[in-house]
Amino acid sequence: MAGAARSIVLIGFMGVGKSEVGKTLAKALEWKLFDTDLMVEEVFGMPIAEIFSQFGEARFREEEGAVLASIGLNCPSIIVTGGGAVLRPENVARMRELGPVVCLTTDPTTLEQRLADRNDRPLLPRDNRAETIRALLREREPHYRKAAHLTFDTSELGPEEVATLILRSLALSR
Ligand code: S3P
């Protein structure tokens, strides 16, 4: 866990609550917040669904890696990553340089409910969404497990509770 300033990096599948937990942590610690999805949207000047449809997933992944690499090691920050960022080993290496990598998980049924009506996730088509979620989860779980220093199940917890657990585990005050 190298890195001078020890930021906190949040990873996990779509819908586990990374963004809300990230905001809560940043506020509690008064640390800067980076959200790689928002950073990529800023680069392209358009929402992620449009980036995927105009430029394709590969181009999105390039930029996701680039924005992650651009986050400095000098200032302790909360870094929220997109659900697929762990697929690239160089991203995982960078995350672990930045500081503790915290994975949030949620049981598949709860995830299906949370993601049922969302239309901002280009990897989740309307048809067979539940099956897609389960297949992606199966494919990604080993990546999350390998990347994470700590893992928390958020299925029955709100962002405040998850943030408190993370802060306690890292011995940071609240
Ligand atoms: C993706 C997750 C999304 C976003 C993009 C791809 C993925 O972020 O990066 O739609 O591959 O799982 P969230 O995890 O914040 O939804």
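**Around helix H4**

Mentor: Ala-69 counts as partly exposed, because its relative accessibility is 48%, a value that falls between the 20% under which a residue is buried and the 50% over which it is exposed. The model we are looking at is a predicted one, and in it Ala-69 lies in helix H4. Along the sequence Ala-69 is 24 residues away from Ala-93, while in space the two are 10.0 Å apart, taken from C-alpha to C-alpha.

Helix H4 itself covers residues 57-70, and it packs with helix H2, residues 36-44, at an angle of about 115°, the two axes being 9 Å apart. Because of that angle, H2 is roughly perpendicular to H4, given that angles from 65 to 115 degrees are placed in this class. The crossing in which H2 passes H4 is right-handed. On the H2 side the contact is made by Thr-36, Asp-37, Met-39, Val-40, Val-43 and Phe-44, and on the H4 side by Arg-59, Phe-60, Glu-63, Glu-64, Val-67, Leu-68 and Ser-70. Sorted by kind, the residues of this contact between H2 and H4 comprise 7 nonpolar, 2 polar and 4 charged.

From here we can turn to another pair of helices. The axes of H6, residues 108-115, and H7 come within 10 Å and cross at roughly 130°, and H6 and H7 are therefore oblique to each other. Here too the crossing is described by its hand, for H6 passes H7 in a right-handed crossing. Pro-108, Thr-109, Leu-111, Glu-112 and Leu-115 of H6 make this contact together with Arg-129, Ala-130, Ile-133, Arg-134 and Leu-137 of H7. The residues where H6 meets H7 divide into 6 nonpolar, 1 polar and 3 charged.

In soluble globular proteins, nonpolar side chains tend to be buried together. The largest nonpolar core here has 51 residues, and of these Ile-11, Phe-13 and Ile-166 touch the most other members. Helix H7, which spans residues 129-147, gives the most to this core, with 5 residues. Phe-13 deserves a look of its own: when its neighbours within four places in sequence are left aside, Phe-13 is in contact with Lys-18, Leu-104, Leu-111, Leu-115, Ile-133, Leu-136, Leu-137, Arg-140 and Tyr-144. Among these partners of Phe-13 are Leu-111 and Leu-115, which also belong to the H6 side of the contact with H7, and Ile-133 and Leu-137, which belong to the H7 side.

How values were computed:
Residues are numbered from 1 along each chain as its sequence is written. This is a predicted model: local features need pLDDT of at least 70, side-chain atom pairs count only at pLDDT 80 or more; totals for chains, interfaces and linings use all residues. Side-chain values use heavy atoms; hydrogens and water are left out. Axes are lines fitted to C-alpha atoms, for helices over the stretch in contact, and angles run from 0 to 180 degrees between N-to-C directions. Helices (H or I, at least four residues) and strands (E, at least two) are DSSP runs, numbered from the N terminus. Angles under 35 degrees count as roughly parallel, over 145 as roughly antiparallel, 65 to 115 as roughly perpendicular and the rest as oblique. A crossing is left-handed if the near helix is turned anticlockwise from the far one by less than a right angle, and right-handed if clockwise. Contact means heavy atoms within 4.5 Å. Ala, Val, Leu, Ile, Met, Phe, Trp, Tyr, Cys and Pro count as nonpolar, Asp, Glu, Lys and Arg as charged, and the others, Gly among them, as polar. A nonpolar core is a set of buried Ala, Val, Leu, Ile, Met, Phe, Trp, Tyr and Cys residues joined through side-chain atoms within 4.5 Å. Buried means under 20% relative accessible area, exposed over 50%, partly exposed in between (1.4 Å probe, protein chains only).
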